[in-house]
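Subject: Structure handover

Hello,

Please take over the structure below. My notes follow it.

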Amino acid sequence: MTAAATTNHKPQTKNPLGWFLSEYLGLGLTVLLFLALAPFTPGLATSNNLLNILGYLLPLLIVAIGMTLVMISGGIDLSVTSIIALTSVVGAKLMTGDAGVPTIVGVLTMLALGAGLGALNGAVITLLRLPAFIVTLASMMFLSGFAIWLTQSKSIYGLPGSFLALGQRLPISLALTVVLALAAHLMLRRTVFGRWLYAIGQNATAAHISGVPVRAISTAAYAASGFCAALASVLLTARLETGSPVLGREILLDIIGATVVGGTSLFGGKGKIAWTFFGVLFLTVLDNALNLLSLSQFSITITKGAVILFAAVLDAVRSRFVVRSS
Amino acid sequence: MNRTSRRLLDLAPFLLFVTVLAIFGVQSPKFLESGNLVNIVVQASSTGIVAVGMTFVLLTAGVDLSVGAIMFVAAAVAGKMALAGWPLPIILPVMVAVALMFSACNAFFVTKVRVAAFIVTLATLFIGRGLGLRITETRAMNLPDSFLELGSARWLGVPLPALLFGGVLLVAHLVLTRTPFGRQVFAIGHDVEMAKKAGIRTGRVLAAVYLISGLCAAFAAMVSLGQLGAVSPKFGEQKEFAAIAAAVLGGTSLFGGRGNVFPGTLLGALLIQAIENGLVVVNADPYLYPMITSVVIFISVWLESLRNRTR
């Protein structure tokens, strides 16, 4: 707790370890990785591939933004990928078929469903005082099982063109992501809500005593995370032209890994949207490069597991180092 | 909260168990036949053994999400060796060694680097799954009959898996209740700082706890191999959830310091298996299994927190 309480200000950069601990680590790592791999990796630095990277990056960034809010409040949300899957199949079910609803209604339903499920997670965690990781683990299993049951594990095709445009026209998805990122950034930096979120993450008891509505704010963070997951689901579902009950299943590690690599602490009280962007950038470029080097899917999974471990170690080292230096 | 409700909460695992038996018994008389009850115990052994290891970890306020992946890697290595013609007496120790290597990794990062246990073991979960898929080349491997024989063997009329489960349970119970190490595990779970001040080498005890969890995962992998006779890419998947659920259902606290393997974890493991077995017996929609399991986990965690708050 003392570690988290003292780490909100910028780490000192005069130390030789400074760069390693600085907030631009994610960005630095990405540049290093890109420069190191570009000569050996055919097609890494082509404009086509960079657009490809961007297309993969946007949904990941959206979910990671929600995860950042939750982590700043000291929690974790393991259910995001299942929320992606469930909103995907529910949205697809609504928008396809003869009685398909208009795209706008479908999208709004998806977003409301995501936010509602997130709020439910948050309410259970705060009202019943249960550990976040076990509650969201249980809801991850439940929602994923529910999505599979709903579709009897079949994918849903035939989505309307106006919906597909949301994920396939890069300017639209880019605009959506930028607006969300800016909103989250401003909310964290400029609003009382943001201050409260950091305060809860640093010391929930102290925040409560100081009059912060801890339960409502924490619940709102999970609701925001569910909303972000649903928005990412809109982009992913539209890009793949499929409502799939296993959508996003493999990106949970990417989301947590990217957030932590960026510098948001697992212990709460510390994090920024910009850091998360750097972390997502790093992981996306890494993934893309490994794919272009035609490594097998297993090796990529192993590498990513190693990356998240590295990120967690970094987080532990960082928080201990900053305590010592302050 | 008054005394009656406190007693009810303490008895919750037992009451749940009886309720589940009653519900499925009414639905289908086949469920309560002695053959099926023995079946439940045998089927519960692999989850139960993992849950015993998990109980040690949970008692220290940690968690080990990598047990299923460890089982998979150990089984994958065993499968490869078996197909290459290695004999069982060599394969089984190798499985233990593989599992211990993995859990030593967990122990290192948790105790030396002091990274949150659930994130370390989440990472090793993915690394283990990737590694296992690589070893098996994502194909199912059918093992020689010697494994299946081991799984269906009986000794003095008791099925071997159940016997191994019983053995693990007995040793774990004695270690936790009768040895200094057991008391140190509880002490660390209660309050690490206090334990440190009392002179307990917390690092060593914590490391041992993750190694025990890995060892149990290796035993569980042996049992599962004996029962399935094959290694599929899904081997051991989500075993960690079942194990946590079993331990917590049995009254072990997620916050550490409170719990027991006997009768707690035993009851928890039997309860989970009874539910799964019951769903099969009454022909429930298989798609419902994960949903029901997650609800059971959730209820167990909730009951546990209620119990926790009454103290």
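The notes below go from confidence to the contact between the chains, then to the core and to some single elements.

Please keep in mind that this is a predicted model. Its overall scores are ipTM 0.77 and pTM 0.84. Chain B has an average pLDDT of 90, and 99% of its residues score at least 70. For chain A the average is 87, with 91% of the residues at 70 or above. One stretch of chain A to treat with care is residues 1-13, where pLDDT stays under 50.

Contact between the chains

On the chain B side, 31 residues are in contact with 29 residues of chain A. Two helices of chain B, helix 6 (117-136) and helix 14 (289-310), each supply at least two residues of the side that touches chain A. Helix 6 of chain B gives the most to that side, with 12 residues. Sorted by class, the side of chain B that touches chain A has 23 nonpolar, 5 polar and 3 charged residues.

The core

The largest nonpolar core has 201 residues, and A:Ala312 and B:Ala74 are those with the most contacts inside it. Helix 12 of chain A (residues 214-240) gives the most to this core, with 16 residues. Which residues does B:Ala74 touch, leaving aside its neighbours within four places in sequence? They are B:Met95, B:Val98, B:Ala99, B:Ala218 and B:Ala221.

A helix pair in chain B

Two packed helices are described by the angle between their axes and the distance between the axes. In chain B, the axes of helix 7 (residues 145-152) and helix 11 (residues 202-228) come within 6 Å and cross at roughly 105°. Helix 7 of chain B is therefore roughly perpendicular to helix 11 of chain B, as angles of 65 to 115 degrees count as such. From helix 7 of chain B, the residues that meet helix 11 are B:Phe147, B:Leu148, B:Leu150 and B:Gly151. Their partners in helix 11 of chain B are B:Leu225, B:Gly226 and B:Gln227. The residues of this contact divide into 4 nonpolar, 3 polar and no charged.

Helix 13 of chain A (residues 252-262) is mostly covered, with 10 of its 11 residues buried. Among them are A:Leu252, A:Asp254, A:Ile255 and A:Gly262. After helix 13 of chain A comes A:Gly263, whose phi is positive, near 125°.

A:Lys270 sits in the loop between helix 13 and helix 14 (273-292) of chain A. Is A:Lys270 buried or exposed? A:Lys270 counts as buried because it has 28 C-beta neighbours inside 10 Å, and the cut-off for buried is 20 or more. Between the C-alpha atoms of A:Lys270 and A:Ala38, 232 residues apart along the chain, the separation is 33 Å.

B:Thr4 lies in helix 1 (residues 3-10) of chain B. B:Thr4 is exposed, because 8 other C-beta atoms lie within 10 Å and 12 or fewer counts as exposed. From B:Thr4 to B:Gly130 there are 126 residues in sequence and 49 Å in space, C-alpha to C-alpha.

Regards

Conventions
Residues numbered from 1 in each chain as written. Chains lettered and ligands numbered in written order. Predicted model: local features only at pLDDT ≥ 70, side-chain atom pairs only at ≥ 80, totals over all residues. Contact = placed C-beta atoms within 7 Å. Helix = DSSP H or I, 4+ residues; strand = E, 2+ residues; numbered from the N terminus. Nonpolar A, V, L, I, M, F, W, Y, C, P; charged D, E, K, R; others polar. Axes fitted to C-alpha atoms, helices over the stretch in contact; angles between N-to-C directions. Parallel < 35°, antiparallel > 145°, perpendicular 65-115°, else oblique. pLDDT = per-residue confidence, 0-100. Core = buried A, V, L, I, M, F, W, Y, C linked by C-beta atoms within 7 Å.
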